[in-house]
Every structure is written in structure tokens, then in C-alpha cells.
Amino acid sequence: MIPDVAPIVSLREARRDYALGAERVHALQGVSLDVERGDYVAIVGPSGCGKSTLLNLIGVIDQPTSGTVTIARKRVDAMSDREATSFRLHNIGFVFQRFYLMPILSALENVALPMAEAKVPAEERKARAAELLAYVGLSSRQRHRPSELSGGEQQRVAIARALANHPALLLADEPTGELDARTGTEIISLFRRLNSDGTTIVVVTHDEDLANAARHKVHMLDGRIVDA
Amino acid sequence: MLLPFLAFALILQAPQTSQRTIAIDEGFAAEAHLKVGDRVAISARPDRSAPAESVIVGAIVRRGADPSEVARGDFVVRMHLDQLQGISGYGDRVDRFAIATRPSADIDRTLQRINHVAFGFRAYRSRDIAVETSRTFQVVSRFHRAIGVITIVASSIFLLCIMILKVEERRRDIAVLRLMGISRSSVVRSIIIEAAVVAVLGSMLGVVIGWVVSLFVNWHYQALYRTPLYFSIITPPIVSLAVSLSLVLGVGAGVLASMRLVRTPPLALFGR
Amino acid sequence: MLAVLGVAVAAAMLLDMVMLATGMRESFRELLLSQGFDIRLAPKGTLPFDTDATIPGVSAITSVLRTNPDIREISPVLGGSIHIPVGALDVSAAVLGIDPTVQGDYEFLSGQDVTTPDAIVANDYLLQKLGARFGDTLDVAAGYDPQTRTYSGQRKLVLTGKVRFIYGATEQPSAAVRRETLEAMGGGARRDRASLFMVRVRKGANPDSVRNWIATEIPNVSAISIATAIAQVDQRLSYFRQLAFILGAVSLFVGFLLVTTLVTVSVNERAGEIAVMRAIGVSRAHVVQQIVVEGLATTFIGALLGLGLGLLTARYLNSILSAFPGLPVAIDFFLFQPRAVWSALGLLIVSGIAAGIYPAWRAASLPIAESLRREAIA
């Protein structure tokens, strides 16, 4: 079997413009980037540099004004909403700064949620959800609701949820932003472990420690990559 | 129930006199502080100069459930026919006859035969008369129905409003689900199910509350107007109307609101 | 938008219920006062025209009444029914026997009043049923025996004018003749009798003291002041007042609930904004004030819409209730009074303020730093 050597993420001259009142904002100005399979990339830069916009394009939750975006060898820049949604479900896992767990579901149910959408049989998804929670160190907290979990625990549940459907790519937007230093460190080491187990990770962050834990850093400024 | 029997017993025990008796209704007995055995003077005219007869209150009865009588505050006295004919100067006349037929009787045929030989009067089924003469009741019914319709329309608008607001409140959750790859239809479907459950539970609670209020309304007005008439009855058709309407509205509102939200790009829902 | 509509509906219902609660009484009072008669005398224990009973000794009673200098005018009225054969049909109508110089029962519209004993005036409904014109002679009977199909107390009367009966029920054919005429037609049984006396007191005199005087001097009648009449009718229609109160309270409550929900959702969306305002030094009270004012704006716009809606529905409901048998046409259940509008509006505004205060206060009291952190835009 020939190993797949194509980058898992590939952007070519991607631009993203927004209308802001009467003005036009150029959030991304012709960005080209490749992320290799199994890599761990941190995108850093000052506020307003376009890093979140870049992450949104990679996560297929936004579309470029021009240029191309290819994820797992599929062109995603011109997908319909339905295609994009389905693509995200099976290929991308998201981790947000504010966790965004469903408050009325238990930790196990939160993790199982994307699998239910992907029509994974109940027994299988329950088993996998338990497995993922064990992986992130929360076996004993399966039945707890988000309100009963600490910030760090919630973020770990969110990470487990992001991994539910064996995504090709894990994207994280300021995953340690809401956490104290100690908990942040736990998350950083979890990401490292995930990556060493083969998960491709792209994070956007202000957290120096998280950025330093990555294999590669991409610096952005004013909508452009200045150092990769 | 006991009173008429009591009255009867009292009458039986009373010494033999030629005193006639009357029956009065509960409201009258309460207002005029009368009890069985009291002697009263009765006359057909209100002026004190008119001749009056002395009678004894023989029984205190509860009035039937006639809606047109309810608010009038009239009192009802029952007398022996010949005595009333005498004091009112009516002579050998009556206003109507009430006829009870044997269980096996063919009522239509009986009506026909009576009307065939009737001279100066007509026979009707009691049921038909009741509908024709209770115009007061019909007006009140129509009014109630109109109020009912208005209440339903108003409630529907409130329900829609609140459901839509509540779904709007959850826009962030919806955004996250969409970002995770949950499809529009899945999101809408789960909101519909939730709305349906809320609607069903809410309407069940509403039925219980309505039932309790209905009990109270009947208790209050039956006591106030001294009547066995039921002012509020909850029937299975009413319950099913209420439940199905709230289901339709609740689910409809859920659909409207969620459709609006899933059409909005998830990023916009986050406020970015 | 839907919230405004919701408030409008609540406002409309509230307005209707306030109108209902006060309408009947006011409408009835206006009707009773319309001709200026302050006291009515009816057979003892009855209300005017409640029963067929009549008061004997009209002349004697009139003499007694005239001895009171506070009494300016006395109008005895005899009520009954008449039957007029028209072709093969029998047209029946209510009739009032009056004195045209003091009567207060009808408004004269056209033709001539009942100035002669053989004159009869009728309302529009009766004229239509009879198909008669002024100058026509009618065979009018005071009694009709359906069993033998014979008339009694018949007399030829000439139709002279058209009138509108002030206390007339909806679509009730009615006529009026001189009282002596009706007495004569009724035979001995109706001689010197009246169904009702209407009494007007001198300007400046106290109707209640005159009423008390009458009650003492003439014990075989019930002397009813306008206040008593209203109170008695009130009692009969108490059901509608209670209904009005309950439905009004429910509408107010639901409107309150709606505004509370609206404000709660609104402040939840703007938690960050509120936190920022507090952070820069805006007091809690000012924040609350701003939020409450917004909730009030919705309430106010909804109330204005509701006003129009309420008037429309009131008219519709009134038309239903006006079909009450025996109810004077002039009575409205839902009477538009500026006072009613102000009451409803006032209640709504108070409700709107109250509905906004709690969620606003809660939002303004959240810890600032936590809110800022949570709501800060990334």
C-alpha cells in the first residue's frame, strides 16, 4: 500500500473579505499553507491578524472569497451547506475556547452526539464514547453533566467529542483560553499525546506554552502568513 | 334531599287541619328565613289590599338546572294547581300540560295524535321547546363561544411568541451542533421533538389546571345561584381540541424558529 | 414583532374586559337618565315590567305624589300587548298606554303624536309588519284567545305617527296609545291601573329623599331610584362582571409573562454589553432603567395596536350580547369610555414595568468580570 503523502490541509491563495459597514475588511490576503498528515501546527499572531478566519476556512465553516482549500484531498471551498456539514461530521473535530457542551446531556451523551448523527449503532457509540472518555482520563465522570464538571474536565469532554467520528483533523480555537495554568498544562499534554498517537492538530492560540508544544508554528500578521 | 322527606314526615305528624301547603325553593327559604312548618300568607297580587290565603310551608326544594332562570334571582313557589287557579283568578285554565309517556311509547305518533285533536293548543317534544325558549341561554352560549375563540387565538399567539423566543435563546447551542457537523434536518427534528414534548406535557398540565378551575367555578356559581346547573364541563372533545391545538402550535413554533436559525450561517449565530 | 402582537392581543382583551366590567352599568345609567326621570314606581317587589302586575289607584297615587313640592312631573304608564289582524295573520305587539304630554318612553320621529283617544303610534318594526301608513285605520285588540281564535277589547285606532321606543328591546314591535284608551280596551280589569310611574324631581331636590318619602306615603309600590335600579340589574349581570374581571386578570398576567420572557431573552443576549456598561461606571439603577424602558416600549406599541383590536372585538362581542331577549336596544355591554382606555393602558404599563424589572435587575447584578470574560468577543 502506497502511503498517502499529500498534505491533509492545503490552501492556495485563499482570501477572505468581509463587508464592515461601508468598508471592506481583508481578513485574509492570499494565504497559502500546507499541513502534513500527523502534524501539529500552532497558528499564532496578534489579535485581528486573521488566524481565526484561517481556522474557519480549514474547518469548512466558512468559504474563501477566492483561492482554494483542500482537506483530505477534497476541494471544500465551494461545497454546499449540506456537503460541508457532512464533511465536518466525518472529517473534522472542533474544540472551542468555551467548550460548548450540551448542558442537558451527560459527558457520555455529549461525546456520543456526533456518532449518533453519523448513524453509528447505539451500542457501538456508547462503547466508543466510554473509550474516548477513558482516553482523556474521565471514565469516572461519564454520567456527569457539564455543570458538574470543572473547566478542565469540560474541555476534555469537548476534546473527546471532537474525536468521536475518527476525524482526519482536529481543530482547536484557543482551547486553553478559559482555563487556569495548571489545567491548561493538562490540556497541552493531552494534545501532545493525541498528536503522538497520530491525530493531525491545528490550533489557534495566544498561549505561548501551547504554541511551543506544537511541532510547527505559523505566524500571521495583517491577514498574511509572515513566518511558517 | 332529606328536607322533602322531613317535610312529608312533619306533615304526616301534623294534626289534621284543612291547611294547604306550598313548596318553596332553597333560595327563598334562605332569604326569607323560612323553614318547613312556617305559616305564610300568599296572594296573587302585590298590593296589601288584595285577599290572601294562609298556607304552610310544606317542603323546601332545590330548583332544576334551568340556565335561563339562573341569574334572575327569582324565587319559585309550588302550589296545588286548584289553589293557584283560585287565588290568581285564572279559573279552569293552565299554561301547559307536561306529559310523560310510557317507555315503550312512540312519541312521534303520540304527538301527531294529540295535535290532530288539539283545539287551541299544540303539543311539542320537551326537547324542542327547551331549545326554542331558552334564547337567553343561547345568547350566553354564543358569547361564551366568542370569548372561547378569542382566548384560543390570543393563547396561540402567546404560545408562538414564547416558543420562538425560547428557541432563539438556544442559538449558540444550535451553532455548535452545526459546526460539529450535525445536519440542519437533525437540528430541526430534535427541536420539533422537544417542542412536541413540551407541548404535550404543558397541555396535560393545562388540562389538570382547567379541571381544577372548572370544579371551583361550578362550586362557586352553584352556591351563588343555588342551582345544580353545571357552568363548566370538561369533555373529551374539549381536551383533545386543547391538546392537539397546543401540539400543532408548539411544534409549529419550534419549526418556524429552528428553520430560521439553521438557515443562518453558524458563525453568524455566534455573533462573529 | 410577534411579541408586540402578543402584547397587542393581551391589551385588546384587557381593554374589552374593562369595557365590559363598567359598560353595562354606565350604559344602563345613561339610558335611565336619558329622559330625566329620577324615580320609578313599580308594583311592590318587582322591577318595572318584570311581571304583568299592575298598580291600582292611579288617580289616588297621582294626587298623593302631587302633594310633594319636590316632584315636578309624574308619568303613569300602562303596559300590555295588542293584536292586530293583518289578512290571515295576527300581528302582536307590545303597547304602552301613556300621557303624551309627560311621557318619557319614546322619541317622536314623524307624523303626529297620540293627541286624540283614537290615535296610535308605532315603531318601525311594527309599521313594517303591518305594512300600514299614517292615516290607516287598524282593528286593534287588547286580548286574543288562541283556542277560540277570538279577539277581545277591540277598537278601531288610527295610525298617526312613527316613534322610537327608548327602552324598547331589539326588534320588538311596539306601539303607544293614550292611557285612557288602553284602560278602556282592557275592560274593568285595567281601569285606573298602571304598570309603572316615572317621576321627575325638581332641579336641586334630592331624589333619594323623595324616594324615601314615596316609600312611606305609598307602601304598596316599590319606589326605585336610579342607583337601586342599577344595583339590581348589576346583580343580575354580575356574572359578566366576574367574567370580565377574571379574563382581564388572565390577559394581564399573560401579557406580563410575555414581556418578562422578552426582556429575559434580550438581556441574556446582551449580557456582555450590560457588563461593559457596569464596568465603565453606569449604575445598576440606570442599567435597569434602560432595560425597563425598552420593555415598556414594546408594551406601549403593543397597547396602541391592542386598542384598535380591542375596539373591533368589543363591537363584535357587543353585537352578540345585544341579542338578549327583552334587553333594551340602547343598552351596550361594552361601552367605550376614555376612562376604560386609560385604566387598561395604565394597568398594562405598570405590568410592563414590573415585567422588566426583575430580569433587568438580575442581569445588572451579575458579577462584572465574569460576564465580561464570558461574553467578550474573541
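Visitor: Is H33(B) buried or exposed?

Guide: This is a predicted model, in which local features need pLDDT of at least 70, side-chain atom pairs count only at pLDDT 80 or more, totals for chains, interfaces and linings use all residues, and side-chain values use heavy atoms, with hydrogens and water left out. Residues are numbered from 1 along each chain as its sequence is written, while chains are lettered from A and ligands numbered from 1 in the order in which they are written. The classes rest on relative accessible area (buried under 20%, exposed over 50%, partly exposed in between; 1.4 Å probe, protein chains only). H33(B) has a relative accessible area of 68%, and therefore counts as exposed.

Visitor: In which loop does H33(B) lie?

Guide: H33(B) is not a glycine, yet its phi is positive, at about 55 degrees. Elements are DSSP runs numbered from the N terminus, with helices (H or I) of at least four residues and strands (E) of at least two. In these terms, H33(B) belongs to the loop between α2 (26–32) and β2 (39–42) of chain B.

Visitor: How many helices and strands does chain B have?

Guide: Along the sequence, the pattern of chain B reads α-β-α-β-β-β-α-α-α-α-α-α-α-α. The secondary structure comes to 10 helices and 4 strands.

Visitor: What percentage of the contacts in chain B with a separation of 6 or more joins residues 24 or more positions apart?

Guide: A contact here means heavy atoms within 4.5 Å. Chain B has 272 residues, and buried residues make up 30% of them. For the contacts with a separation of 6 or more, the share from residues 24 or more positions apart is 65%.

Visitor: Which residue of chain A forms a salt bridge with R178(B)?

Guide: The interface of chain A and chain B holds 2 salt bridges. D81(A), R178(B) and R184(B) are linked in a network of such bridges. In the pair formed by R178(B), the closest N and O atoms are 2.9 Å apart, and the partner is D81(A).

Visitor: Which residues of chain A lose the most area to chain B?

Guide: Buried area is the accessible area (1.4 Å probe) that two parts lose on being put together, summed over both. Between chain A and chain B it is about 1600 Å², with 60% from carbon and sulfur atoms. The residues of chain A that lose the most, together 30% of what that side buries, are Y100(A), M102(A) and E117(A).

Visitor: How many salt bridges join chain C and chain B?

Guide: In this interface, 44 residues of chain C are in contact with 37 residues of chain B. The buried area is about 3700 Å², of which carbon and sulfur atoms give 71%. The count of salt bridges between the two chains is 0.

Visitor: Which element gives the largest share of the side of chain C that touches chain B?

Guide: Elements that each supply at least two residues to this side are α1 (2–33), α7 (238–269) and α9 (284–321) of chain C. The largest share, 14 residues, comes from α7(C).

Visitor: What separates the C-alpha atoms of S283(C) and L157(C)?

Guide: S283(C) is in the loop between α8 (271–279) and α9 of chain C, and is partly exposed at 33% relative accessibility. Along the chain, S283(C) and L157(C) are 126 residues apart, and their C-alpha atoms are separated by 85 Å.

How values were computed: A salt bridge is a side-chain nitrogen of Lys or Arg within 4 Å of a carboxyl oxygen of Asp or Glu.
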